[in-house]
Amino acid sequence: MAEREGAGRVDIVGAGPGAADLLTVRARDLLAAAEVVVHDRLVSDAVLAFAPGARRIDVGKTPDGPSWRQADIDALLVSLARAGARVVRLKSGDPGVYGRLDEEMDALDAAGVPFEICPGVTAALAAAASARVSLTRRGRNSSLRVLTGRDVDGFAEHDWRALAAPGATAAIYMGVGAADFLRTRLLRAGADPSTPVTAVDNASRPNERTAAAVLGELPDALRRAGVSGPSILLLGLSPRDAAPRAAEPSAPTLAALRAAGDFL
Ligand SMILES: C[S@@+](CC[C@H](N)C(=O)[O-])C[C@H]1O[C@@H](n2cnc3c(N)ncnc32)[C@H](O)[C@@H]1O
């Protein structure tokens, strides 16, 4: 690594959901030119392989294990750039979706370090493609919500009444551990227990799996299906192969989903 005092920069790059060929061409070029890659836990080896000559620093945060503090990651980026390195800050999916992007941009701005953002394919898009569903559909849903199951205070609160409305569609990140909470809140807000939910585990990766469930049975269905994460829950959507075409655009029945089995 040839670090030059003061000449460094940081590119904050979306690594996509895991499959190497879902990386953008711009991301690939930035990785090839990087001297240091500072990456998250969910970034796949297949993507890291695009930066064979770069020093790699894993700053992944594991839910239960030792973790880097965000402030330390911010300081690391600043110090590498100040030392003159060309740094890629590589985040899974898109950097601006549950990626703590603002904190890193604020730290770089405060230090006067130049940076650019390179978008990536966020997990919800890969999950929808895996389940072969459209995230919007005429006559069914004209909007799509992006939610997290958890936030800094624990389980995340949302506009449950809006989410419980017929046809409401949402891509839920970090939702598996919050499945019981999500079900309870949505049913209490009037959601139909037969509302379909599709879980896509490891979207775009070799171990990708898709499980069909209904809201009323969500935690049990995820447990039975062995959904382990990382996963996206698609509320209001059934996998194309499970949904009886004639029943669209209304939700498929509980019996139809049971007949399709948990796994496709
Ligand atoms: C901290 S968020 C990061 C999201 C990322 N920035 C994005 O745009 O996809 C991590 C969560 O993203 C989701 N996720 C990331 N990669 C995934 C994948 N390949 N398949 C399914 N879900 C994924 C999971 O919900 C996981 O808990």
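The structure is a predicted model, in which local features need pLDDT of at least 70, side-chain atom pairs count only at pLDDT 80 or more, and totals for chains, interfaces and linings use all residues. Residues are numbered from 1 along each chain as its sequence is written, and side-chain values use heavy atoms, with hydrogens and water left out. Helices (H or I, at least four residues) and strands (E, at least two) are DSSP runs, numbered from the N terminus.

Two strands are taken to pair if DSSP finds at least two bridges between them. β1 and β5 run parallel and are joined by four bridges. D11 stands opposite E116 in β5.

Angles run from 0 to 180 degrees between N-to-C directions, and axes are lines fitted to C-alpha atoms, for helices over the stretch in contact. Contact means heavy atoms within 4.5 Å.

Within α1 (residues 25-33), the residues A27, L30 and L31 are buried. These residues sit on the same side of α1, because they cover an arc of only 100° around the axis. The arc is that of the directions from the helix axis to the C-beta atoms. Buried means under 20% relative accessible area, exposed over 50%, and partly exposed in between (1.4 Å probe, protein chains only). V25, R26 and A32 are exposed, on the face of α1 turned away from its buried side. The buried residues of α1 pack against β1 (9-14), β2 (36-39), α2 (45-48), β4 (86-91) and β5 (115-118).

Another open sheet has five strands in the order β6-β9-β12-β10-β11, and its pairing is mixed. The edge strands here are β6 and β11 (209-214), each of which pairs on one side only. Neighbouring strands of this sheet are turned by 20° against each other on average, direction ignored. Helix α5 packs on the sheet and touches β9, β10, β11 and β12. The direction of α5 makes about 70° with that of β12.

Strand β12 (residues 231-235) is mostly covered, with five of its five residues buried. S231, L233 and L235 point one way from the strand, while I232 and L234 point the other way. Strand β9 (residues 170-173) runs antiparallel to β12 and is joined to it by four bridges. A171 has L234 as its bridge partner in β12. Strand β10 (residues 196-201) pairs with β12 in the antiparallel sense over five bridges. There, the bridge partner of V197 is L235.

Helices α7 and α8 also pack together. The axes of α7 (residues 179-188) and α8 (residues 218-225) come within 8 Å and cross at roughly 150°. That makes α7 roughly antiparallel to α8. Angles under 35 degrees count as roughly parallel, over 145 as roughly antiparallel, 65 to 115 as roughly perpendicular and the rest as oblique. In this contact, A179, D180 and R183 of α7 meet L218, P219 and L222 of α8. The contact residues divide into four nonpolar, no polar and two charged. Ala, Val, Leu, Ile, Met, Phe, Trp, Tyr, Cys and Pro count as nonpolar, Asp, Glu, Lys and Arg as charged, and the others, Gly among them, as polar.

Buried residues of α8 are L218, P219, A221, L222 and A225. Seen down the axis of α8, they fall within an arc of 165°, so they line one face of the helix. R223 and R224 are exposed on the other side of α8. The cover over the buried residues of α8 includes α7, β10, β11 and β12. G226 follows α8 and has a positive phi, near 70°.

R140 is found in the loop between α5 (123-131) and β6 (145-148). R140 counts as buried because its relative accessibility is 16%. R140 and P166 are 26 residues apart in sequence, and their C-alpha atoms are 8.7 Å apart in space.
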